[in-house]
Amino acid sequence: MKKYFFKSDGTIKIVNMIILIAVIFFIVIMFVYFKFLKVRYDEPNETYKKEEKTSKINMCNGCDFSFTLESLVFETYNDYKIDNYLEVKNMSINNIKFEYDKGLISIESSGGGLVIKAGNKIGKTKLVAVYENIKKEIAVEVRAGEIKSIELANHPYYILNNKENDLEIITDPIGIDLSEISISVEDESIARVINGKLVGVNEGVTKLKLLYNGEEQIRDLYVSNDFISVDVLNDKRELEPIYNISLDSFKDDVYNVVVTITDNGNIGYEAKDLVITHEDEGVNVYVEYDGKYSLDKLSYKYRITKSGNAGSSTIKFTLGNTTRIIRVGE
């Protein structure tokens, strides 16, 4: 070892000594770096990360909330303050997010707070309240407060003979239990109500009665074989069923309808067999043949014109023992 650092005459080998000192210096520097400096550089980053994670979890120390009732019951067309049903601790209700059936209720800001709005539909759902990792839910039911209207969808009401026909009733609010409505047919030899369905017994005309809360509605009920249909030709040149034409809906006093012969009984009906009559009461109508509507069907176009701005008229399209009616005016 001495030979490496000292010459034979006892003098120091300068180069070798410098190399040794350099190696020792490098080792000391590395030791200091890994022992002290690296920790100092890394510690702030680690501390920052820990504080950042902590801030996300504990945005609000001691925050909590709970519903004050086991379930909530609202009435249609009413507003309810959420403060009445939700108790909060160390937080604002406005920081809570809500999940719910938007077709049944809505939550909106009102007067600096939040309100639940019940619309025109009854039913059941769940209201879920969420804040950070806190989640609470409660059963919600919307009941009918005020029943504004219950009515038959069409007037007159058409059904097919020897078939079960759905009974379409429009209610406001939507979703009222139809089992609470009394539905009857004046002449049960023509039609009957069986298990909530209208059943055609014989072709003919009778009355359909609807009774609810002491109020009665009466509609003409037509039972017929499915030989013809009468549809309106709208602005998009699409066909849609028509039963009533208001006086205001006439454009240049002309209305276009399409009569289609289905002839499911294979009797062999043609356009010449169609009989058109009308009964005018204050409004005069004229029905004019306007050519074939479809090449692959027995469909024919008719132009209806009217004169008079008050009153009504009833147009009857009759094929064999099947009649379809359009009312014009009141």
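A salt bridge is a side-chain nitrogen of Lys or Arg within 4 Å of a carboxyl oxygen of Asp or Glu. The model shown here is predicted, and the count of such pairs in it comes to nine.

First, the overall picture. The protein chain has 330 residues, and 32% of them are buried. Its secondary structure consists of two helices and 27 strands. Of the contacts between residues at least 6 apart in sequence, 59% join residues at least 24 apart. The chain exposes about 21000 Å², with carbon and sulfur atoms supplying 49% of that area.

Now to individual salt bridges. One of them joins the side chains of Arg-327 and Asp-220, with 2.9 Å from N to O. Arg-327 belongs to strand S27 (residues 322–329) and Asp-220 to strand S18 (residues 215–224), so this pair ties together parts that are 107 residues apart in sequence. Asp-220 has a relative accessible area of 13%. Because buried means under 20%, Asp-220 counts as buried. Arg-327 and Asp-220 are also linked with Lys-207 in a network of salt bridges.

Another salt bridge is formed by Glu-279 and Lys-316, at 3.8 Å from N to O. Glu-279 lies in strand S23 (residues 275–281) and Lys-316 in strand S26 (residues 312–319), so the pair ties together parts 37 residues apart in sequence. Glu-279 is partly exposed at 47% relative accessibility, and Lys-316 is partly exposed at 28%.

A further salt bridge joins Lys-272 and Asp-273, whose closest N and O atoms are 3.6 Å apart. Lys-272 is exposed, at 66% relative accessibility, whereas Asp-273 is partly exposed, at 26%.

Notes. Residues are numbered from 1 along each chain as its sequence is written. This is a predicted model: local features need pLDDT of at least 70, side-chain atom pairs count only at pLDDT 80 or more; totals for chains, interfaces and linings use all residues. Side-chain values use heavy atoms; hydrogens and water are left out. Helices (H or I, at least four residues) and strands (E, at least two) are DSSP runs, numbered from the N terminus. Buried means under 20% relative accessible area, exposed over 50%, partly exposed in between (1.4 Å probe, protein chains only). Contact means heavy atoms within 4.5 Å. Accessible areas come from the Shrake-Rupley method with a 1.4 Å probe; for residues, only the protein chains shown count as cover.
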